[in-house]
Amino acid sequence: MTIRRLIFLSVLLCSSIVFSYAQEAGKTFSVDIVEQRLDSLFSRIEKHYGLTFSYNPKSVPADTVTTLQYKNKNLEFILNDLGRFGIDYLIMDKHIILKRSGKKTETEKPVTLKKFTVSGYIRDKNTGEALIGATIINRATGKGAMANGYGFYSLTLEKGQYKLSTSYLGYSHEEFVLSIDRDINRNIHLEPAFTQLREIVITASEEMVNYPAGSGEFTLQPSEVSNIQGFLGQSNVIKSLQTKPGINFYGDGSTIFYVRGGDRDQNMVLIDEAPVYNPAHMLGLFSVFTVESLNSIKVYKGDMPASYGGRLSSVIDVKLKEGNNKRFSFSGNTGPVATTLNFEGPLFMKKSSFYLSARRSHLKWIFSGQNDDIEKLYFSDLNFKYNFRINNKNRLFLSFYSGTDSFVTKENERRSGGIGWKNIAGNLRWNHVFGEKLFSNTSIILSSYDYNFFTSYEDNNRWNSGIAMSSLKSDFAFFSSPGNTYKAGLLFSFHNYSPGNYYNGSEPDPLVSGVPEKYATESALYLDFENEVLPGLLINSGLRWTIWANRGPGIEYTYENNSPVDTSVYEDNKAYNYFSVIEPRIRLSYSLSANLSFKAAFSHNTQFEHLITNSISPFTSMEVWLPSGPNLKPSSADQVSAGMSIRSNNKKFSFDLEGYYKSMKNYVSYIDHAYMLFNPHIETELRYGDGRSWGVETLFRLRTGNPTGWISYTYSRTTLNIKDLNNNRPFPSRYDRPHNFNAHIDLRILPGWSLSANWIYCSGNPITTPTGFYYYKGYQVPFYDSRNNDRLPDYHRLDLSTEIRLNSKAAKYKHSLKISLYNVYGRKNPFTINFNKIIEDSGALRIPSERSEPPELQSTMMYVHGMVPSITYHFKF
């Protein structure tokens, strides 16, 4: 009886489907198609019958241009008539699946029609904020264009009618039909999806079959950073990057990071095109970026476009928000560490807008009653951006960032020692649209970093080092057609380096050896071409030509056997040393289907600036930047990579696999016990050699639904071979951590209540430990045979956070609480091991003094913290 019922229900269901189709097919339809593509006919049928076409544009000639006329014809007649174009069809419920019939027809030859361009800006409907990386695509072919760093897009199509779709992560999709018979300027405004981020269906770039993800690059949304737990409730952009494959971190309490085997100074961090030389606060505990002020974060792991230069391993390109040009808004947050306030709004009849963000820490209370010798302990940030629309073709932007750290102690009610540093970065930009296809940007960029180590804060006696730059650059982009873009640019920069001197007040101390300041200029021409040479095959090629010149005033020494034998003094602005380098790069991306793509890349990069420090502790910023010159050659790196990306049909899951190999030349290191401060002959402490790094990176991502998250794993190795170090034998670098695993999950428990969890596991950092001990005058002395011969214990940590919305999401005043637990199970992850202490009879550890009995040295480990809870209050109105 049950089987009979099932058969009856199946027959009834099939009958209803057939009957439904018969009703639709019976409708008559009239349409005239004059010198238009076949896909314009498909769009009209979809609109009239409420059906959906599905087909592979590589096999179905939807781009065939033809003239058709149907008057009062039913659907079956029209679909059968497609047979003359070699198209067959299959109907399943509300879907019409087209396929190639295999019949050759004369009408299959495409006819070239005049092309037109639709261009404009893609912005947030509520705030007017540019949506960087948003996509607009032709639904029939899956090809389209991506909005650049200012939200500008340009899409060239043949004359005809098209269904276009625009999308961006966290925003509702917008689809519209557009008849193109002339150049069209159309600005698009997308509305934010009022669901949680984790419910958004698709990321912006994934719909475009001709734009697979680039090799070694990814975009991190500020909303994703907010979901990753930060120390003491402070979201940390740099730490968040370390949850992605290929990016290693030093350890707790540090924003030091390493990308694909490169050292820390091989990473360029940009804020609106201006470099930030020290992206950390409080000796590495916090990042300089306030997440609320950011528009987007783009990361390149070695395979950088030619417009980026000067670093070997990575570029972190951070864009600030432009500000709400619809209405004024005030928001902020406060927690145990800092308070952040944000203010934005329109000016001058909505032709301009601004964004102002300020953060100030209140750390001193944590140490109140424990250490009364602290006079000052704070960090602060100020972000400001202003944009002014002159007309539809011209726009001005002004960006500014300032970050300060100060730690001052007191002795006998007098300010004594301390440390402090300051980052300043600014940019004035002019955007100009020459036409629908040509876009330009011209920038004046300023940046500086200044560090002070005070021996007497009251008298301003200090050791000081710094670096500064000013730059003029102009970029041009020509959007020829979907998949074909040509970019070119020019750059001229002036660099100033203060390697470190001691000052009594405002004057250099004459009794301390002076280290002369150094100056250099940089000129660069760069080209980037993007071409779809075959359906699905995209080639990105680039070339950067850089001329680096050392300039006076300056002093250079000539060395023999690491001893100075001659001195050269150069006049103001006199160029006395040149480097000219060509940096090619190429990337191939092939989309086998909408769900499967492959990629491969090669890049050659050169670096002219070097961070000189022999400290491996995360709690020091006594750093010296030096330019390449007669005694310090540029470093270079060649990187090859290849990988694949897989997406599920419903875009819910994705899997990425990528391998790389990188070789480095003129890698800079230091002799043992190098003398780095007050040393005018610092080049004699340096040693040079080669390095190589290789690895495999995997990323599995759950992109939609509830929950969302990702799992990443990286296996990588990095070895160095430096002259005069480790007996000239190869050794692992101090950031060689073979295994890196990360799991992150976001879960919406109830509307307005979400939970996030993040677990990290990685191999311990390499360290140098004694291979034996010997006694000297009654003391046990450790003996070291090789560099980085041991490792710290493996690192792992679990973080949890939950955010609770305190009122309706429709309320004008919105506020929420975020509670987080950092290092939930209190793992004591050491960042260093010492061999300089003994155990007293009481069991206490201390550094030994003179004793009659030879002391036995014990190894001791230092760690930053155990479990750290925090609570942060967020508000906006």
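Reply: Two strands pair if DSSP finds at least two bridges between them. Strands (E, at least two residues) and helices (H or I, at least four) are DSSP runs, numbered from the N terminus. The model is predicted: local features need pLDDT of at least 70, side-chain atom pairs count only at pLDDT 80 or more, and totals for chains, interfaces and linings use all residues. Residues are numbered from 1 along each chain as its sequence is written, and side-chain values use heavy atoms, without hydrogens or water.

What does β17 pair with? One partner is β22 (residues 314–320), joined to β17 by five bridges, and the two run parallel. Another is β18 (274–275), which pairs with β17 in the antiparallel sense over two bridges. In β18, the partner of Leu270 is Pro275.

How is β17 covered? Five of its five residues are buried, so the strand is largely enclosed by the rest of the structure. Buried means under 20% relative accessible area, with exposed over 50% and partly exposed in between (1.4 Å probe, protein chains only). Asn267, Val269 and Ile271 point one way. Met268 and Leu270 point the other way. Both groups are buried.

β17 and β18 form a hairpin with two residues between the strands. Asp272 lies in this loop. Although Asp272 is not a glycine, its phi is positive, at about 50 degrees. Asp272 is also buried, with a relative accessible area of 0%.

Most residues other than glycine have a negative phi, and most peptide bonds are trans.

Two cis peptide bonds are found elsewhere in the chain. One joins Gly552 and Pro553, with omega about 5 degrees. Pro553 lies in the loop between β34 (537–551) and β35 (554–560). The other runs from Asn706 to Pro707, with omega near 10 degrees. Pro707 belongs to the loop between β43 (686–702) and β44 (708–722).

Now a sheet elsewhere. It is open, has four strands in the order β8-β7-β10-β11, and its pairing is antiparallel. Its edge strands, β8 (144–146) and β11 (174–180), each pair on one side only. Neighbouring strands in this sheet are turned by 20 degrees against each other on average, direction ignored. Three bridges join β7 (residues 135–138) to β8. Thr135 stands opposite Met146 in β8. Helix α2 (residues 38–49) lies across β7 and β10 (160–167), at about 70 degrees to β10. Such angles run from 0 to 180 degrees between N-to-C directions, with axes fitted to C-alpha atoms, for helices over the stretch in contact. Contact means heavy atoms within 4.5 Å.

Finally, the whole protein. It has six helices and 57 strands. Buried residues make up 54% of its 877 residues. Among contacts between residues at least 6 apart in sequence, 66% join residues at least 24 apart.
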